[in-house]
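Welcome to this short briefing. Take a moment with the chain below, and then we can walk through it topic by topic.

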Amino acid sequence: MPMHTGLKEYIENKKHHAFRRDYPEYKDIAKEYHALGLCPKERMTRRFELLSELETPVLLPDEKICLLRTLRNIPDCFTEEEWREIRGSHFIHERGYLSNLSPNYERVIGTGLLALCDVADEYGKRVISAILRLTDRYREEAVRQGRAELVQVLERVPRFGAAGFYEALQFFRILHFSLWLEGNYHNTVGRFDKYMYPYLKKDMEKGLYTRETALEMVEDFFLSFNKDSDLYVGVQQGDNGQSLVLGGADEQGNETFNLLSELCLEASKNLMMIDPKLNLRVSRRTPLRVYELGSELTKAGLGFPQYSNDDVVINGLIDLGYEPQDAQDYAVAACWEIIIPKVGADVANIGAISFPKVIDICLHRDLPGCEDFEGFLHKIMEEIGTQCSQICNGIKSLWFVPSPLMNLMMDGGIYDGGKYNNFGIHGTGLATAADSLTVIAKYIFDEKRFSKEALIEAVDSDFAVHSELLPLLRYEAPKFGNNEELPDMLASKLLHGFAESLRHRINCRGGCFRAGTGSAMYYLWHAKEIGASPDGRRNGEPFGTNYSPSLLARINGPFSVVQSFTKPNLRETINGGPLTMEFSASVFQGSDSVHKIAMLVKTFIDMGGHQMQLNAVNTETLLDAQKHPEKYARLVVRIWGWSAYFVELDREYQDHVLRRQQYGI
C-alpha cells in the first residue's frame, strides 16, 4: 500500500486544481512581442520571467517535493501570422518547441544553478534568476507554514548543488517544472537510477534513510509527476513524455540496476498512477529476478515497464555512427524512441511510412503487370524507397523555438542542435503489409488459387465482390506472429528494405535518418488512408499498434509471436518500436504467472528482440468502463508507448485496446 495515501487521494481527486488561475490579460503577449520586434530568445526569456512571477507558491498537505502549476495556460510566443511565415521557410516539427530531449540533470543537480551563471548567456542568466525568485517564494511559504525540513532543502537548492537525496529529488522537480513552464514538452527523466542513486547510497551509509523511508521519499517524488500532467500536451491525455529509465550498463559495462531501481518499481506498484512511465534497460546479462520485478507491475495492470535490449540497441546505435560511450548511455524518449542524454538533439519521431500504403499502391499500379512474385517484391522495395525519399526530402531547414533553459542543461548547448542530430522515421502496419504480401505470394503466384484481378476487385469493394475470398485471407492465410516461414521472411525483407532506403541519407542538420518499428498514433491515422487490404483487413479497421501482429490474426500463442518478431535484424531499425502484447488479466491468477511472464520477456530479449511492452487487460472491465466511466477513473491501459487512464481516452483508442489480441500462458 502507498505510504502517501492522503496526498495521493488529494491529487487523484484533483483538489489541487482549485489553485489554478487564468490570466486572460496575458493571452495575447505574442502580439506585444511582435510589436516590440523581440527576437525568439528574448520572447522565451521574457515569457518565462512573466510566468514565473504569476505562479503562486502552493504547498499541498504532507508533500515533501514541492512546486505546483497554478497557471492553467501558457500563451504562445508567436502570433498565428508569424507561425505561418515561419512555416513558409522552415520545417516545423509538431508544435515547434523542443521536446523528447534528455538534458544533463546529473551535472546541473550536482553543481547548482549559480555555477551555471558562469557559462550562461544573458538569456540563461535571466532564466536562472527567475527560477531562483520563484523557489525563494516557495521557501518563504514553507517558512510561513512551519515546514522546517522543506525550508532547509530550499535554502540550498537550486542555488547550490544537492548535498543529499532529498535535495537532489527536489532539485529535479524544480528543473522539470521549469522546462514545462518554459514551453518545452515531452520532457523526459533519463537514466534516473544512474544519476540519482549516489545521493541515496551516501545518505543510507550515513544512516539517514532506511529502505522504508527511502521508498516513502520516492513515492512522494513520483506523486509530483501527477500533479500537473493533465496540463501537458499530447495526442491523448497521458501522452506527456514523463519517461524514466532504469537499469542498463554504465561506462565500464557494469549493470546499474540497484536499490533505487527496485524502489522505483515498488513505488509505481504501490501508487498505481500513470506517471512516471518506467522503462527497463535489460540484456542477456540481466538476471531473471529483474524481469520478475517488472512483471509484478504488468500483473498490477500499469502497462509498464517497457523493456529495451542493450545488446541490440547499443550495437545498432554504433552501426549508425554513435560513439560507443554515448550509445552505452542511451535513454528512452517519450514513448520508446532512443535518445542520447546530455548531448543528443535527435528528432526521433519526425515522420512515418505506412507499409500497407506501399502495398496498396503497388497492388493497383504494378501487380497486374508482374509475371512473378520476385518482380512484384522488387516494385515494393522501389516504392518504399520512393516513400522514404518523399519524407526525407520534405524536411528542409528544420527550426525550433530556442530554449534558454534547455540550452543551459545540454552539454554544448542546444541552440544549433547537438552532438547528434539524427531523425527517426516510424514504420507502421508491418504485420498487415507482411500478411498481404504473403497472400499475393502464396495464392496468386505459387498456388494460383485466384487471379490478380479478383484480388484487386475484392479489396476495392471491401470484399463485397469475391466475398468468398474474405474468410480465406482473413483467417486461414499464414500470418506474421505464428512462426511461419513466409510471412516472417517477408516482414524481415520489408524492414531491411526500409532501413536500406534510409541508409546514407543525410538530413538538413547533417545527421542520418533512423528506421524504426514504432507506430505512435499512426496505427489509426495511416489505416484511414487506404481501404481494405489483401490480408482480409476490412476498410476502416486499424493496424496493430507498433511492432505487433495484425488485429485480425489468429495467433497460436505468445511464444510463436516471440519467435516471429525476433527474426528480423532489429539492429537496422534502431529508432525503436516495441513488440506490444496484451495478456488476459485472468493469466495472473496463477501463483507462477509472474515467473512465466518474466521468462517470456527474458526469452524475447535473449533471442535478440529489441523492445517489448505488455498489457494485462480484462475485456469485461473495459466494456463496463465504457458504459460507466465514473466507476473506473483509475483504470490504466497501455496505448502505444505510454499508459493512460482508460476512461480519459477518445473512443477510437479505447476500442483499439479492446480489439487487440489477448494471450494466455
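Helices, of at least four residues, and strands, of at least two, are DSSP runs counted from the N terminus. With that numbering, proline 276 falls in the loop between helix 12 (259-271) and strand 3 (277-282). Please keep in mind that this is a predicted model.

**The chain as a whole**

- The protein chain holds 27 helices and 14 strands.
- How does the radius of gyration of the protein chain sit beside that of a compact globule? A compact globule with 665 residues would come near 26 Å, and the protein chain has 25 Å, which agrees.
- Along the principal axes, the C-alpha atoms fill a box of roughly 80 × 65 × 50 Å.
- Of the 665 residues, 64% count as buried.
- Among contacts with a separation of 6 or more, 78% come from residues 24 or more positions apart.
- The accessible surface is about 23,600 Å², and carbon and sulfur atoms own 49% of that area.

**Backbone geometry to look at**

- As a reminder, most residues other than glycine have a negative phi, and most peptide bonds are trans.
- The peptide bond from aspartate 275 to proline 276 is cis, with omega near -5°.
- A cis bond also runs from phenylalanine 304 to proline 305, with omega near 15°. Proline 305 is placed in the loop between helix 13 (288-300) and strand 4 (306-309).
- The loop between helix 4 and helix 5 (105-111) holds glutamate 94, a residue with a positive phi near 50°. Glutamate 94 counts as partly exposed because its relative accessibility is 36%.
- Asparagine 100 is found in the loop between helix 4 and helix 5, and its phi is positive, at about 55°. Is asparagine 100 buried or partly exposed? Asparagine 100 counts as buried, because its relative accessibility is 5% and the cut-off for buried is under 20%.

- Glutamate 63 sits in the loop between helix 3 (40-54) and helix 4 (80-89).
- With 5% relative accessibility, glutamate 63 counts as buried.
- Which side chain makes a polar contact with the side chain of glutamate 63? The partner is lysine 227, at 2.5 Å.
- Setting aside neighbours within four places in sequence, glutamate 63 is in contact with Leu7, Val58, Arg147, Asp220 and Lys227.

**Threonine 45 in helix 3**

- Threonine 45 belongs to helix 3 and is buried, at a relative accessible area of 0%.
- A polar atom of the threonine 45 side chain lies 2.8 Å from the backbone oxygen of lysine 41.
- Not counting residues up to four places away in sequence, threonine 45 touches Tyr123, Arg126, Val127 and Pro404.

**Helix 16 and what packs on it**

- Helix 16 spans residues 355-365, and its buried residues are Phe355, Pro356, Val358, Ile359, Asp360, Cys362 and Leu363.
- What do these buried residues of helix 16 pack against? Their partners are strand 7 (347-354), strand 8 (423-428), helix 17 (373-393), helix 19 (430-446), helix 20 (452-460) and helix 22 (485-502).
- The N-terminal end of helix 16 is capped by serine 354, with a side-chain oxygen 3.1 Å from the backbone nitrogen of lysine 357.

**Isoleucine 440 in helix 19**

- Isoleucine 440 is located in helix 19 and counts as buried, at 0% relative accessibility.
- Leaving aside neighbours within four places in sequence, isoleucine 440 is in contact with Leu363, Leu367, Phe373, Phe376, Phe445 and Leu455. Leu363 is also one of the buried residues of helix 16.
- Isoleucine 440 and proline 534 are 94 residues apart in sequence, and their C-alpha atoms are 7.7 Å apart in space.

**Histidine 496 in helix 22**

- Histidine 496 is part of helix 22 and counts as partly exposed, at 37% relative accessibility.
- Histidine 496 and arginine 95 are 401 residues apart in sequence and 31 Å apart in space, C-alpha to C-alpha.

Conventions
Residues are numbered from 1 along each chain as its sequence is written. This is a predicted model: local features need pLDDT of at least 70, side-chain atom pairs count only at pLDDT 80 or more; totals for chains, interfaces and linings use all residues. Side-chain values use heavy atoms; hydrogens and water are left out. Buried means under 20% relative accessible area, exposed over 50%, partly exposed in between (1.4 Å probe, protein chains only). A polar contact is a pair of N or O atoms within 3.5 Å; within protein, one must be able to donate a hydrogen and the other to accept it, and residues adjacent in sequence count only if both atoms are side-chain atoms. Contact means heavy atoms within 4.5 Å. The radius of gyration is taken over C-alpha atoms; the globule rule is 2.2 Å times the number of residues to the power 0.38. Accessible areas come from the Shrake-Rupley method with a 1.4 Å probe; for residues, only the protein chains shown count as cover.
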